[in-house]
Amino acid sequence: DELRSQGVHQDLPLPQIAVMGDQSSGKSSVLEAVSGIPFPRGAGLVTRCPTQLLMKCTAPGTPWKAHVSVSWSGPQPSAS
């Protein structure tokens with residue numbers, strides 16, 4: 001956060017990861033291990049959309065918080 005606020009990301013690429021793989025290959029488990037945020041578990045497809053985590057440092061002892069939003073650019077899925 002501090003580096004980004006100083007504009008360092010314009011001259012120096014800051015760390016990012018991308019997790020890709022086949023269905024049920026453990027992508028959500030990797031994101032859960034990195035972030036500490038539990039992801040849905042179950043049979044079949046449980047995380048069917050791209051997920052972006054923006055993690056920021058907080059003061060020690062500060063409880064974590066999350067802001068969730070969904071962006072949809074395609075046709076709405078059917079309710080069935």
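V34 lies in helix α2, where helices (H or I, at least four residues) and strands (E, at least two) are DSSP runs numbered from the N terminus. The model is predicted: local features need pLDDT of at least 70 and side-chain atom pairs count only at pLDDT 80 or more, while totals for chains, interfaces and linings use all residues. Residues are numbered from 1 along each chain as its sequence is written, and side-chain values use heavy atoms, with hydrogens and water left out.

**Surface and nonpolar patch**

- V34 is partly exposed, with a relative accessible area of 48%; buried means under 20% relative accessible area, exposed over 50%, and partly exposed in between (1.4 Å probe, protein chains only).
- V34 belongs to a nonpolar surface patch with I17, V30, L53 and M55, and together they have about 440 Å² of accessible area.
- Patches are made of residues with over 30% relative accessible area and no salt bridge, with like charges joined within 9 Å and nonpolar side chains (Val, Leu, Ile, Met, Phe, Trp, Tyr) within 5 Å.
- A salt bridge is a side-chain nitrogen of Lys or Arg within 4 Å of a carboxyl oxygen of Asp or Glu.
- Accessible areas come from the Shrake-Rupley method with a 1.4 Å probe, and for residues only the protein chains shown count as cover.

**Loop between α1 and α2**

- S24 lies in the loop between α1 and α2 and is exposed, at a relative accessible area of 69%.
- The phi of S24 is near 60 degrees, a positive value in a residue other than glycine.
- Most residues other than glycine have a negative phi.
- L14 and L3 are eleven residues apart along the chain, and their C-alpha atoms are separated by 8.6 Å.

**Segment after α2**

- R41 lies in the segment after α2 and is exposed, with a relative accessible area of 59%.
- The C-alpha atoms of R41 and S29, twelve residues apart along the chain, are 9.3 Å from each other.

- The largest pocket holds about 1,200 Å³ of space.
- It is lined by 26 residues, of which Q52, L53, L54, A66 and H67 are the closest to its centre.
- A pocket is an open set of points on a 1 Å grid over the protein atoms alone, where a 1.4 Å probe fits, with protein on both sides within 12 Å along at least five of seven lines; lining residues have an atom within 4 Å of a point.

Technical notes. Grid points are joined across faces, edges and corners, and a volume is the space filled by probe spheres set on the points.
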